[in-house]
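Dear colleague,

I am handing over the structure below, and I would be grateful if you could look through it alongside these notes. What I found follows after it.

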Amino acid sequence: MDNRSDHSSNAAHFCAHPAALPRASVLLPVYNAERYLERAIRSVLSQSFRDFELLLLNDGSRDCSLEIMQRLAAQDARCRCLAWPNRGLVASLNAGIEAARGDILLRMDADDICRPGRFERQMRYLDAHPECVALSGRFLLIDPDGLPIMAMGDRLTHDEIDAGNLSGAGSFMCHPAVALRKAAVVAAGGYREAYAHAEDLDLFLRLAEIGRLANLPELLLDYRQHPDSIGYAKRTAQLQATRAAVMAARSRRHLPEMLSPLAPDACQTAPAPADTHRMWGWWALSARNLKTARKHAFKALRYNPFSPASLRLLACVARGR
C-alpha cells in the first residue's frame, strides 16, 4: 500500500544533528500518574544509550506526580520538568516537540517500562536507515501489577505497518515505544487535536506519506494495561477518531473509502470489568502466561460469579490450555 515512488529523497534531510545538543529528546507526558511514574522515569534514565534529555511534561496533575518528577530531576541533569494547567495529551506532546532540543523524539508514557537497550537499538537503526522517520518495535503487554500478558507487534516492515494502519483496526506501531525524527514530525504538522485519542495513528499515517515506518523485532517496552488508560476509558472516542484519521488518509492518497461501520461495541464507553479481565486472561493463556491467566480468570469470576464465559475461561486455565 505504498503510493510513493521514492521515500529516500523526501526523508534524507530529516537526519541532520547539531553536535552541541543532545541527540534525542524523550517526551514523557504526565497526568495523575503517581502510581507508576517513578518506575517509568527510572527505566528511561537507566537506558544504555545516554545522550538524551528527558522532558517531563506535567499536564496539570493533581496528585503527587509533580513532586516525583522534581525529586528525580534533582538527581539527574538530563531531566527537564515542564508544567502547565491541564490541556490534554495532544497539546502536551506538541509543547514537548517545540521544547525538544534533540533531532530524535523518543516517546514514553508514565505507566510503562522501557527495556534497557531500547534507545540504543532505535538510535542504531535510525543512524543506518535515514529514510526511516518513525520506528517502534515489539512490546509486552503487562497487567496493572506488572505481570506479563502477551507480546505483540509482529508487523515489521513499512508496507505491513501502513496497510494495517489504513485498515481501520488501529495503530500498528506502539506509540509509547516509538522513535521519531523531529524534523519529519514538524513537517507533517505534529499531533492534531481533531484526532485526539487516535493522534498517534493520524501522525503515523501522515509520516508514511513522507518517509518510511518500521518496527524492530525485539521487545522494547512493557506496555501496561489498566482500566484508566485511553484504550479502555475512552474507547468510543478512540474508535471514532481512528475511523476519521483513516478516512482522511485514504482521501489524501486517493484510495477507496472504508465501507465497514464502527465495531458493534463502539457504543460502550468502556468494557465492563469482567470483560476486561476475561480478555486479559485469554490473552495470557494464549501466551502460556498461566499465572497471569489464572489471576484474571478469578477476577472475572469475582465480578460476575455466574457468567458462563468466566467459568469457561477458568476451566481452560485449570487445564492449562
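**Notes on the structure**

Glu218 has its place in strand E9, which covers residues 212-224; helices (H or I, at least four residues) and strands (E, at least two) are DSSP runs, numbered from the N terminus. Please keep in mind that this is a predicted model, in which local features need pLDDT of at least 70 and side-chain atom pairs count only at pLDDT 80 or more, while totals for chains, interfaces and linings use all residues. Residues are numbered from 1 along each chain as its sequence is written, and side-chain values use heavy atoms, with hydrogens and water left out.

Glu218 is partly exposed, with a relative accessible area of 31%, where buried means under 20% relative accessible area, exposed over 50%, and partly exposed in between (1.4 Å probe, protein chains only). Setting aside its neighbours within four places in sequence, Glu218 is in contact (heavy atoms within 4.5 Å) with Arg121, Gly137 and Arg138. Phe139 lies 79 residues from Glu218 in sequence, yet their C-alpha atoms are 8.0 Å apart in space.

Strand E6 (residues 132-142) is largely enclosed by the rest of the structure, because 11 of its 11 residues are buried. Two strands pair if DSSP finds at least two bridges between them, and E6 pairs with E9 in the parallel sense over 10 bridges, with Leu140 having Asp222 as its bridge partner in E9. E6 is also joined by 2 bridges to strand E8 (residues 179-181), the two running antiparallel, and here Leu135 has Ala179 as its partner in E8. With strand E7 (residues 148-152), E6 pairs in the antiparallel sense over 4 bridges, and Leu140 stands opposite Ala151 in E7. E6 and E7 form a hairpin with 5 residues between them, and Gly146 in the turn has a positive phi of about 90 degrees.

Turning to the cysteines, a disulfide is a covalent bond between the sulfur atoms of two cysteines, taken here as a pair of cysteine sulfur atoms within 2.5 Å. The structure holds 0 disulfides. Cys81 is partly exposed, with a relative accessible area of 33%, whereas Cys114 is buried, with a relative accessible area of 5%.

With best regards
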